[in-house]
Structures are given as structure tokens and as C-alpha cells.
Amino acid sequence: MLDDMLDYLEHIRERPVWQPIPQLVRDLFHESLPAQPADLATLHTSFMHNVLPYAVGNAHPGFMGWVHGGGTPVGMLAEMLATGLNANLGGRDQMPIEVERQVLQWMRELFGFPDSASGLFVTGTSMANLIGVLVARTAALGTEVRQSGVAASGKRLTAYTSAGAHGCIAQAMDLAGLGMDALRIIPVNDQYQMDSTALEQAIAADRSAGFTPFFIAATAGTVDVGAIDDLTALADIAQREALWFHIDGAYGALAMLAPDIAPRLRGIERADSIAFDFHKWGQVPYDAGFILVRDGTLHYDTFASPAAYLRREACGLAGGSPWPCDFGPDLSRGFRALKTWFTIKVYGTEQLGRTISGTCALAQYMQQCIETMPMLELLAPVTLNIVCFRYRCENADQINTQLATALQESGIAAPSTTTINGHVAIRAAIVNHRTATRDIDALLQATLALGRELTRTP
């Protein structure tokens with residue numbers, strides 16, 4: 001099984017990026033609950049034939065549809081060690097938690113946070129953003145909100161994010177019991193950054209209407225075009241208005257590892273909390289999200305439980321307090337830190353930073369190629385590693401939607417689509433460390449060929 005997966009990664013270019021799943025293969029996974037044991041080798045053969053060929057394909061260098069990292073063999077082997085150990089990192093005095101604390105220490109250093117800052121591995125930035133909202137809610141309403149709820153405070157909290165923010169910010173407001181209507185969507189400027197003047201006006205209007213502004217969610221690397229909000233300007237507003245300053249840096253925050261990109265994140269060190277994923281630009285296998293909180297005490301107060309069965313001792317297996325379960329909703333937690341620790345230790349931050357810079361350089365290369373191709377046009381500035389473009393033609397929205405699907409089904413490349421200023425764009429997100437200029441060339445040549453085919457008059 002291990003040999004097969006190493007072979008898969010070594011020869012991945014020989015495979016299609018993605019391919020549709022035949023109905024006969026889908027039907028194989030509609031069987032009833034098995035009562036009798038099966039042969040492991042037989043099941044592995046089924047995996048190789050019926051599961052592996054029909055995965056989403058983000059390990060492939062031609063996958064550019066969404067911001068998914070490519071993973072590495074190092075991370076895969078570390079995950080094998082972690083699952084063999086089968087540690088539960090909810091708590092107790094154990095060395096796997098010290099590994100997680102080591103990664104936390106590194107993240108404090110990377111983002112310029114104090115030693116008192118707290119952090120936690122989670123599934124991904126959606127959960128990390130939710131934790132950011134919940135800690136900010138505690139900051140605004142006090143720890144009594146955990147017992148009596150939001151309504152008992154008599155305050156109507158409002159939060160702010162840009163029109164380019166990820167939908168999980170609104171979802172976090174929902175899950176936190178504040179409601180999506182309490183999230184103000186601030187328009188963006190011509191660089192797709194949150195409009196700071198419009199933000200200040202929205203905060204002032206809410207205060208005048210009797211609301212209590214409490215939370216600003218900036219974005220470092222928007223999902224559509226890869227824009228980075230003006231973090232310094234937003235930090236200034238948050239400081240003046242006494243609001244919690246959170247940054248959704250799902251993939252963009254780790255650009256701090258790249259010396260040529262890091263200056264664009266100036267102001268991130270002033271955040272109250274940062275949410276990001278190691279499984280994107282960090283190339284750690286899924287899943288490995290992280291939340292970093294400046295005020296570790298407030299973070300603890302937001303989640304710590306007094307349950308008797310979680311009682312702590314000064315020594316023994318029940319020692320080691322505080323435990324990770326004191327900083328988030330999960331008591332059962334896998335050893336995500338190990339594959340992250342291995343990745344950072346084996347490759348080092350300089351090589352990881354060069355990988356991040358390399359994907360941005362590929363995006364610039366792609367932009368330059370598009371500008372030389374009369375049948376293609378850019379639809380948004382290329383800020384980081386995301387390129388939004390389209391094939392020029394009549395009925396462009398319809399044709400480019402079909403074109404993106406045709407590219408995916410070709411197996412050559414797998415972009416996605418988004419909407420830019422009301423127009424459908426083909427979106428290429430370059431995240432995988434395996435992607436090279438030949439993969440960009442293959443995508444663009446296939447776009448031109450399939451575009452001609454789709455617009456050919458019968």
C-alpha cells in the first residue's frame with residue numbers, strides 16, 4: 001500500500017488531473033453493511049481501481065481549481081506515524097501535545113505574537129474563523145455570555161468583512177448565534193481590498209443606530225482573486241474603534257515565509273487573531289488548520305470546561321494543564337501537529353518560502369502569457385497566485401462556464417470559475433509545489449483549443 005502511494009505521487013503527471021466517475025464505479029459503493037470480514041489485499045485493489053483514479057486531483061500539478069495544497073511524501077509518512085500512534089490530543093500529559101506547542105511557538109515567532117499568545121490545530125480555516133468570532137464575542141460581552149447567551153446582554157453585536165471575504169465568515173456569525181444579518185458586507189476598491197472609508201462609515205452608522213460593533217474580519221488572500229486587504233489601515237480602524245481585529249489568512253498568511261511576499265502582509269502582526277491553513281501553501285496533507293490568538297487568557301476563558309471528568313492534576317497522566325480542549329470545541333483531536341512539524345523540519349522555512357514565491361511567479365508568468373494571446377483576457381489584477389481570465393467570444397459567460405468544465409473533463413488541467421464584476425471568469429489558483437511553467441502552458445493551450453471548438457459555427 002505504501003509503495004503504491006509513493007508510485008502514485010512519483011508518476012502523477014502520467015494521470016489525468018481529474019476524470020468523471022463512471023456510474024458503475026459509483027454503484028460499487030452502494031452495498032449494504034458488511035457482516036463478514038474481507039481480505040485486505042482485495043480491498044486495496046478496489047481502492048486502487050475504484051477510488052484513487054477518481055479523486056479531486058489536487059496532488060496533480062495541473063490542478064488549479066481551488067486553493068488546495070499538493071501534499072508531500074514527508075507529510076504522508078508522518079501521517080502514517082500519527083495514525084499508528086493513535087494519540088488523542090484533547091488533553092493529558094503527553095509528548096504529542098508538546099509537538100503541537102512547538103508549532104504554536106513557531107507561529108508566534110512567524111507572526112510577531114507574544115509568548116502569551118495561544119493557538120490550536122483545527123480542521124481548517126472555517127473552524128478557525130468560528131473560534132475567532134467566539135473569542136471576540138467573549139471579549140465584547142464577557143465570559144457570562146457562555147452561561148446566559150447573547151440575548152441576555154441586551155446588545156446587538158455587528159461585525160464587518162469585505163465583499164471578497166470567504167462565506168465561512170458569515171457561517172461563523174450564524175454558528176456563534178449572532179446571525180448572518182449582523183455581518184456587514186463592505187464593498188471593495190479597484191484592487192479588491194476592503195474599502196476602509198466605507199468600513200468607517202458602516203461602523204459609525206451602526207453605532208448611531210444602537211448596535212455594538214465588535215469584530216472586523218480582514219482577508220489575506222481572497223478566495224476569488226487573491227487580494228490582500230490593507231491590514232495596516234484596518235488595524236488602525238480596529239484600534240480607534242476598540243474592535244477585535246481578526247484576519248482570515250486561510251492560505252495567504254503563510255506568505256510570511258516568503259521574504260519577497262511578506263511585506264504585502266504588513267499589519268498582520270497587529271491582529272488579535274489569525275486563522276490559516278498549513279494544508280494550502282504549507283503543503284501539509286489535509287487537514288491542518290490553525291488559529292492563533294494574541295490574548296491566550298481570553299481564548300482559554302472562551303472554551304475551558306469545569307467538567308469533573310476533565311479534572312487536572314499537578315502530575316501524572318492528568319497533568320499538563322492547560323489542555324488543547326481548553327481552547328476549542330473538540331475533546332477528541334487527532335495528531336495534526338506531527339505532519340506539520342515534519343514538513344517544517346524536513347523542508348525548512350526557506351524552502352517553503354521559495355515554494356510560495358514560486359507559485360506567485362508562475363501566476364505572473366501566466367498573466368504575461370495571457371497578455372500575448374488575443375483570444376484571452378485578464379479579468380482581475382494578479383496579486384498573489386490566482387489568475388482570473390476568460391476566452392473572448394460572444395455569449396462569453398455561457399461559453400466560459402462550458403469551457404471550464406471541458407478543461408476539467410479533458411484531464412489536462414482543472415481550473416474553476418468565479419464571477420468578477422458580473423462576468424464569469426476561469427480561475428486558476430496555483431498552489432501546488434509540483435506545478436511548473438509547462439503546466440501553465442498546457443492549461444492555456446487547452447483553453448484556446450477548446451474555446452475554438454466550443455465557438456465553432458456548425
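Guide: The second largest pocket has a volume of about 370 Å³. The model is predicted, so local features need pLDDT of at least 70 and side-chain atom pairs pLDDT 80 or more, while totals for chains, interfaces and linings use all residues. Residues are numbered from 1 along each chain as its sequence is written, and side-chain values use heavy atoms, without hydrogens and water.

Visitor: Why is a space called a pocket, and what is its volume?

Guide: On a 1 Å grid over the protein atoms alone, a pocket is an open set of points where a 1.4 Å probe fits, with protein on both sides within 12 Å along at least five of seven lines. Points are joined across faces, edges and corners, and the volume is the space filled by probe spheres set on them.

Visitor: What makes a residue part of the lining?

Guide: A lining residue has an atom within 4 Å of a point. For the second largest pocket, 23 residues meet this condition, and Val 67, His 166, Val 223, Ala 250 and Lys 280 are the closest to its centre.

Visitor: Which classes make up the lining of the second largest pocket?

Guide: Ala, Val, Leu, Ile, Met, Phe, Trp, Tyr, Cys and Pro count as nonpolar, Asp, Glu, Lys and Arg as charged, and the others, Gly among them, as polar. On that basis the lining has seven nonpolar, 12 polar and four charged residues.

Visitor: What is the volume of the largest pocket?

Guide: About 650 Å³ of space lies there. Its lining of 21 residues includes Met 5 and Tyr 8, which are among those nearest the centre.
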